[in-house]
Amino acid sequence: MSSDTLKKRKSKVLRGEGAVQEMKRGRVEGDQQVSTYEDLGEIELLQFKLFEIRVYSEEVELDSRDAKQDYKQFKESCDSLANLMSEIQNLKANGAKEGCVEVEQKRMQSCILFMNLKKLNRLTHIRLKRGRDQTHEAKQRVDVLHLQLQNLLYEVLHLQKEISKCLEFKSKHEEIDLVPEEEFYKDAPPDISRPNLTKTDSHQLTLARLDWELEQRKRLAEKYKESLSSKEKIQKSIEVKKEHLSSLQPGLTAIMQASIPVQQYLSMPFEQTQKQTEVARHLPPPLYVLFVQANAYGEACDKNLIVSINGDVDEAKALSKPQEDSQDDESDSDAEEEQEKTKRRRATTGGQLDDKRREMLKRHPLSLCIDLKCKDGSILYLYFYYLMNLNIMTVKTKVSIPTDLNTTISGGDLLKSDTLLSCLYAGDHGGETPNPANRYQFDKVSIVCFSDYVEELGHPYMWVQNLGGLQFPVGASESVCSGSSLSASQMEKTMKLLKRRLQSRLALHRQFASLGMFLSTGCVYYCMHVCDLPYTQHVTDAGLAKETDLYFMGVVERGTACLQAAVVLNPRYPEVSPLFSLSLSWKGERSGQTDDNLRAMESEVNVFKNELQGPHPGHQLLTNQISRLCVCLDVYLETEGQDDGVEGPREFPREKMCLRIVRGPNRLKPFKYNHPQGFFSHR
């Protein structure tokens with residue numbers, strides 16, 4: 001065979017555990033072969049062995065090799081291979097032929113070195129793979145240990161939770177209110193208390209106390225059963241007595257019906273009083289206090305005072321029921337209402353606010369009516385209401401007057417509900433709620449001013465709250481009292497003031513009817529007319545004209561002279577006298593601001609009112625003031641000098657007797673009338 005044939009031969013490698021010995025043997029034979037190739041020729045080598053088999057296991061060999069030695073051998077093989085390559089290059093450069101023996105030998109040596117490098121590379125890869133496998137195995141062991149650690153930690157946490165639950169466990173006996181230990185040892189029998197054992201062992205003490213508690217409860221249960229049986233017997237006897245009383249009811253009713261004419265004849269309406277008393281049970285507390293005190297005042301001081309209850313009694317009974325009962329009654333229809341609400345369109349914000357306002361201003365279904373009769377036959381009807389959510393009372397009025405007062409002149413504003421009771425007490429206008437808590441309630445439902453609802457709900461005067469026993473102190477110095485004592489302290493005085501107010505307004509009504517003047521109330525008329533008048537400016541600047549006052553204009557004419565009087569009428573007339581502002585239209589415009597004599601006329605009617613008061617109570621004050629004003633106008637016109645250039649009789653001849661026509665630098669006229677002598681003089 002040729003050398004090419006030898007090159008093409010490949011060694012057959014057998015891998016496996018069974019080939020370990022063959023690999024070792026082949027390694028020895030391989031070492032011997034190298035020397036054989038060098039000594040023998042190709043023919044002898046082929047004859048020596050035709051087929052060569054090498055069996056080895058690199059994994060096994062790797063166990064006996066050192067990585068550092070392999071690394072050192074790798075470097076040496078690389079250096080040797082580099083040297084052989086250099087030598088072959090030099091030989092070829094020196095002209096050696098391709099098939100030269102020396103070149104072939106060096107090539108064979110290079111091939112052997114390449115084989116060695118490959119082997120070292122494989123060993124390195126095997127060593128790297130083995131290291132990775134070992135690392136993976138170590139990581140798996142670490143993961144297993146970590147998982148075991150997590151399991152142990154979870155078990156520890158679970159045990160800690162169980163321990164905390166055990167520590168926090170509360171037995172049912174802790175909720176039982178056991179008797180103290182002293183009472184236990186004192187009352188419990190020795191077979192239960194066992195002091196020799198329980199005083200040293202707290203657990204046994206607790207068990208013994210529980211046994212004693214059980215024993216006591218058994219005794220109480222027996223007593224309870226006995227009490228129930230006695231209760232049933234008593235109930236049966238009560239039912240028997242009720243049946244007996246109910247059988248008496250028809251007879252009593254017949255007797256009451258037969259006695260009605262006698263009651264009417266003796267003015268002793270027992271039946272009506274009984275019905276009212278039954279209905280009064282459903283009144284709210286303020287109205288009930290007023291009902292009791294008004295009846296007491298009527299019986300003691302005013303036999304003509306009548307107290308009655310108006311409204312829906314059934315609705316009041318429904319309100320007085322406990323809330324739980326009403327919820328039980330309506331529980332059956334809750335599902336239907338919810339279905340209806342889902343079908344309805346959601347209300348707007350404005351609609352919700354209106355509903356909240358109506359609920360806030362809701363009145364109690366029952367109201368109280370008090371009839372005050374005067375000697376002249378007029379009747380003042382007072383209707384008292386209670387606003388449940390605001391906790392205040394309001395009042396409305398109505399006046400019934402005799403037929404002789406129904407004149408053609410319009411004086412109805414004097415008897416209007418808005419002005420009739422205004423300022424019954426000084427400063428009590430009744431336009432705003434006296435309860436300070438209502439301000440915060442109004443903010444929730446966007447109510448700016450309570451006076452916007454006064455016409456519908458009534459006026460919340462302070463005296464109305466006092467009559468109902470409601471007290472809202474406005475100053476720290478006020479004594480705080482409420483209920484019946486407050487109502488009783490204010491009842492008599494308030495009733496007298498109400499009668500006096502009605503009589504004064506009726507007297508004003510008659511005076512206006514006789515004078516024929518136009519009357520208008522409120523600040524609107526005042527602002528539109530009186531405030532615009534120049535001769536009333538000083539009154540408005542001084543704050544003498546208020547929104548609650550009444551205003552009217554009076555005109556007195558004599559010849560070409562026209563006297564206009566703007567009158568401010570206080571609601572507390574005649575206690576507070578009317579205030580006059582004058583303007584004279586004669587030979588020009590004059591007023592109290594420009595004419596001293598007109599100012600003196602204003603003083604006569606405004607300042608010297610005591611001379612015009614008349615007999616008590618002074619209801620004719622306004623008429624007397626206007627009469628004095630007319631007389632002063634006569635004096636003013638008659639004492640005015642006449643122009644010498646005008647011929648003929650005087651326009652206003654002197655009819656009044658005056659001692660002096662004018663006096664002083666202001667040329668004041670004599671407006672004071674001396675009654676016994678009948679002449680006018682200066683003040």
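**Figure 1. Pairing of S3 with S4.** Strand S4 (residues 366–373) and S3 pair in the antiparallel sense over 6 bridges; two strands pair if DSSP finds at least two bridges between them. Strands (E, at least two residues) and helices (H or I, at least four) are DSSP runs, numbered from the N terminus. Ser308 has Cys369 in S4 as its bridge partner. The model is predicted: local features need pLDDT of at least 70, side-chain atom pairs count only at pLDDT 80 or more, and totals for chains, interfaces and linings use all residues. Residues are numbered from 1 along each chain as its sequence is written, and side-chain values use heavy atoms, with hydrogens and water left out.

**Figure 2. The hairpin of S5 and S6.** These two strands, S5 and S6, pair in the antiparallel sense over 9 bridges. Tyr381 has Lys398 in S6 as its bridge partner. The hairpin has 4 residues between the strands, and Asn391 takes a positive phi near 60 degrees.

**Figure 3. The aromatic pair of Tyr673 and Phe680.** Rings of Phe, Tyr and Trp (its six-membered ring) pair if their centres lie within 6.5 Å; planes under 30 degrees apart count as stacked, over 60 as edge-to-face and the rest as tilted. The count by this rule is 5 aromatic pairs. One of them, Tyr673 with Phe680, is tilted, at 5.0 Å centre to centre and 55 degrees between the planes. Phe680 counts as buried because its relative accessibility is 3%, whereas Tyr673, at 35%, counts as partly exposed. Buried means under 20% relative accessible area, exposed over 50%, and partly exposed in between (1.4 Å probe, protein chains only).

**Figure 4. Charges over tyrosine rings.** The charged end of Arg363 sits over the ring of Tyr385, 4.1 Å from the ring centre. Lys669 lies over the face of Tyr636, 5.5 Å from the ring centre. The criterion is NZ of Lys or CZ of Arg within 6 Å of the ring centre and within 35 degrees of the ring normal.
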